[in-house]
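I opened this notebook to record what I looked up in the structure, entry by entry.

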Amino acid sequence: MRALVVSELRQRIRGRRWWILLLLWFLVLLGLMLVIQNAAEQQAGFYPRRFREPPLGPSMFGSLTLLIVGLSCLIIPSLTSTSINGERDRGTLAVLQSTLYRPRDIVLAKFLAAMVVALTFLVLTLPLTWWCFSEGGVHLGRTIVVYAIIVLVLALMVLIGLAASALIRKPSLSAAAAYGFVFLLTIGSPILFGLLLLGAPDVVNGYERQVGWRWIILAPDPVVVLADAAPRAPRGPGVAVVSDPLESIREAVRDARRPPEVYNKRGRQIDPATGEVIEFDPFTGEPELKTSEPPALWPWGLAIDVLIGAGAAYLAIERLRIPTHKLATGERVA
């Protein structure tokens with residue numbers, strides 16, 4: 001198994017393109033972080049003097065993690081989306097299948113090799129995370145949780161690429177299928193949620209639509225899982241807070257499971273559970289009467305993503321089993 005993993009790694013990191021890609025990855029993230037830091041400083045300057053200067057760490061760290069996930073969607077699927085059908089076209093897959101390696105060993109070796117490459121990209125972001133630490137407002141527990149979720153997202157993308165390369169004969173089509181599935185998870189789910197919400201019934205005495213079961217469409221989105229599972233950034237009394245993109249996404253998606261806003265005859269919002277009028281702070285716009293926070297989406301989303309990854313691994317293993325009893329027209333045995 002070790003020899004197979006090393007062989008897979010050598011194929012991926014051979015040549016100068018590997019080092020150029022790593023350098024571009026770091027430079028692109030560094031340049032974007034400089035822009036984000038400048039924007040956060042500009043936003044912090046708008047707070048009144050009665051507030052202490054807000055830390056820039058949460059805003060920068062939240063933006064960094066979203067950039068990592070976004071760029072990973074462009075890079076990570078390519079690590080495995082042509083790994084199996086590419087070897088089948090070159091005739092080298094038959095060599096592996098004729099050895100004592102079982103199909104699950106071959107899939108596991110390709111998965112581990114791709115994960116080593118993906119984690120190398122992730123390790124290069126640690127200096128930028130330390131920069132966010134130095135700006136204040138970021139604690140270690142939040143960082144560990146966020147990075148753990150990112151590792152799971154990377155594993156999901158690798159498995160999706162493996163399944164596409166095993167199921168589709170042509171490498172170009174398998175790469176397109178892998179990217180299409182990742183697009184459906186990350187961007188397609190909010191679009192589908194918005195389209196279905198247009199047909200939802202209106203709320204009686206309210207100005208919203210009934211979300212109902214539709215929130216489950218947002219749950220498996222890797223960005224939603226990451227933002228919803230991330231612990232809240234610590235806030236001290238009298239300290240202004242620069243907008244944190246992770247918390248903004250968290251509040252937006254959890255609102256999908258919040259009971260719809262209800263208003264009395266005078267047009268004032270009331271708590272549907274108690275019937276009390278909700279008073280809002282004139283400066284922050286937050287309700288002074290705190291209602292219970294809606295249930296989290298990330299346990300559902302994480303469970304769905306795990307099922308998708310397990311299903312992708314199962315399909316890849318099944319397609320490598322020999323003897324093969326049924327083949328598509330024009331497809332080689334190995």
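**Entry 1: the second largest pocket**

I looked up the second largest pocket and found about 520 Å³ of space in it. On a 1 Å grid over the protein atoms alone, a pocket is an open set of points with protein on both sides within 12 Å along at least five of seven lines, whereas a cavity is a set of points where a 1.4 Å probe fits but cannot get out; lining residues have an atom within 4 Å of a point. A volume is the space filled by probe spheres set on the points, which are joined across faces, edges and corners. I note that the model is predicted, that local features need pLDDT of at least 70 and side-chain atom pairs pLDDT 80 or more, and that totals for chains, interfaces and linings use all residues. Residues are numbered from 1 along each chain as its sequence is written, and side-chain values use heavy atoms, with hydrogens and water left out.

Of the 16 lining residues, Gln11, Arg12, Arg17, Ser78 and Leu79 are the closest to the centre of this pocket. Two or more residues each come from α1 (2-13), α2 (17-44), α4 (83-90) and α6 (103-123); helices are DSSP runs (H or I, at least four residues), numbered from the N terminus. I sorted the lining into 5 nonpolar, 4 polar and 7 charged residues. Here Ala, Val, Leu, Ile, Met, Phe, Trp, Tyr, Cys and Pro count as nonpolar, Asp, Glu, Lys and Arg as charged, and the others, Gly among them, as polar.

**Entry 2: the cavity**

How many cavities of 30 Å³ or more does the structure hold? I found 1. The largest cavity has about 40 Å³ of space, and its lining consists of Val153, Leu156, Met157, Ile160, Val182, Leu185, Thr186 and Pro222. Helix α8 (140-167) gives the largest share, 4 residues.
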